[in-house]
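Welcome! Have a look at the model below, and then we will walk through a few of its features together.

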Amino acid sequence: MSAQTSGWRPPPVFTTAWITFALVATVLGGLLLLAALAGLAGSWVVLGYFAFVVLTAWTLRSVREEAGSWLGRRAVRRGLVVALLADCVALVAASPGAFGFVVALLVLLNVALGWATLRMASAPEAAVDERQESLRNRSHRIAYWAFALLVGGSILVAQVAGPGSRSWISGVFANGGSLIAFCELLFVLPAMVVAWLEPDHLALETAAAPGARARVALAMVALAIVLPALLSAGLVVLPARTTSTVQSVSISPTSRCDELMAETQVGFGVEARIPVHAMACGDGRTASEVWGLNRSDCVGGDTMLATVAAARCSRTTGPDGTLRFTYGAMVRPVLLPFLGRQVTMQVVIDRDGRVVRFP
Amino acid sequence: MIARPVSVLAVLAVCAFLVSPVPLRGLGLVPVLLLVALDAVLLAATGGLAFARTRSLDERQVAVRDLAYRRGYRLLGLGIVLAVIVWFGAAAVAGRLSGGLSQVDSGFSGRLLVATGELAVMLPTMVVAWSARNGGRPTLLPGLAVPAVAAAWLLAIALTPVQAAAVSHDFGIAGTMASGSACAHFVAGRIVGGGFGATVGMRVEVCWNGRTAFVVGDPGIPMPPGVDGDTADRVLTACGADNLEDFAVVSGTTCIATVDAQGTLHYTVSARVTPPGLAIGGHDITMELVVTRDGRVLSRP
């Protein structure tokens, strides 16, 4: 007891790191609350993802040695490098809607890469041994030519190829995502090469096996990396949820009219809502549209990290007086635009104004 | 023999000159050849260490070379950022002085590319040259490299096919510029030397009123009687304003507007692009725009 009570002092409660974390958590919490109050359908998912990324980085920080030893495995490090390069490509190509996700993921991957390489590429001279010094110098040489060929080569080819490529390169450098990708390569490419070249057991050969907290931290890293892809895939594979109401309205003494409202929602977090809101009547001879069943009504819907394009839009009246309206919307996730599904909304009204099918 | 630090400083000075707004008047090849000569001096003085294969070097040389790359990488980032900042600042100043930016998209500036390319290729050699203590040794390399690069560059200007230029992203004109007429703005260009030669541009505002098509904004081209519009506005119509002659000379630029009996406008821009100091290997550039009196475009560059 005496050894501790004489010289030992309790650690400070309010450290800089804790204050930073509290500030970030407060800001994110406030934004989440605002999004919820404002009824912004999918915004909470992006904010929640940001919060998760911050929490992951924080958790990773608290288990740096254990996580570093796991992240120091060659296969994991190479996976991080591939993920970082893919993220850079996404920064150049992604639409503005996906920007937040991609940047948040980039930050997290950079934190993970820092732990994986023990920030050897940018460490002070005194902090690295001779082998590490040699490795990082060699990595810089490889990174130098990779950067020069990748960036300089792209610009040079685009410059001399033709007007289309010249126009593209001018546009690329006006794009914020491209500038971030450029800076990422400029500052982090040597660390990526270190991560790629270094054999297993980067530094701490005596590192202990990861404990429960470290496992949680690493699982959070993995989840943060794959979550955007999972949510994007969910847009395509999860079942659609449809709500609809049909309400009779009296606007004509000789016709039966209905107001039709429906919404089909696909995906979770990465999601799209396809609405149909229309009025149609039947007078015993033929059904007709009052409003809401025109080509101009086949437009989009609410989306979150997704795009909606009209793939089909038709309205026909059959010989028996039945009105058929079909709106087929192609929904694609912004992050994985090669995936997609078609959501079809159908309205069928018979000549007496009865709803035969909706939606 | 030039001292190596002096050569390094000279390379940096030439690069700074290239990204500055000083007009090159087709003589951009001069600083390029100066860079080639300085590069050859530096390569000879360092024994080409930065480009040497690892197996041909001893352990100390490998360490020196790789350290130069590490320092060079950081300097490259700094150099590119500085070059881009200076370039955009210079372009803004030049645009303000000359009454507006070019409406023709000539792509990434050739002189900026040369400067950043020089830094990218030579920075590790410059770091080695700056930090090594031994003196250089005489070499014939500059004497061979300079004429070789000059010949290759001039050949490229002469033989590279002429390309069409797009309209600049930063530009847009809307609205009618002459009373009682509909108008359209036409911008086009031809690039010689794949971005490392010269550009000839066309900038013209054409209006039509059902009786005739005519040019607006050029005081040298009168408008039809009774038509009220801008008689002198270089933003609308300017002959040679979008020419760019960094590495080749653009001469004899003429812009001629003629209206035939049907009221159809023929607007023709002609110029000759030649390598600096040479009468051979040039390109005659002609761009023709034909607009009918009801606004149909029959021909455009």
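Which residue of E2(B) does B:Asp105 stand opposite? The residue is B:Ala166. This is a predicted model, in which local features need pLDDT of at least 70, side-chain atom pairs count only at pLDDT 80 or more, and totals for chains, interfaces and linings use all residues. Residues are numbered from 1 along each chain as its sequence is written, chains are lettered from A and ligands numbered from 1 in the order in which they are written, and side-chain values use heavy atoms, leaving out hydrogens and water.

Let us stay with the strands (DSSP runs of E, at least two residues, numbered from the N terminus). Strands E1 (residues 104–105) and E2 (residues 163–167) of chain B run antiparallel and are joined by two bridges; strands pair if DSSP finds at least two bridges between them. E2(B) also pairs with strand E3 (residues 182–192) of chain B, in the antiparallel sense, over three bridges. There, B:Ala165 has B:Gly189 in E3(B) as its bridge partner.

Now for the surface of chain A. A:Leu223, A:Val226 and A:Leu230 form a nonpolar patch there, with about 240 Å² of accessible area together. Areas come from the Shrake-Rupley method with a 1.4 Å probe, and for residues only the protein chains shown count as cover. A:Leu223 is found in helix H10 (residues 212–237) of chain A; helices are DSSP runs of H or I, at least four residues.

Methods. Patch = residues over 30% accessible without salt bridge, like charges linked within 9 Å, V, L, I, M, F, W, Y side chains within 5 Å. Salt bridge = Lys/Arg side-chain N within 4 Å of Asp/Glu carboxyl O.
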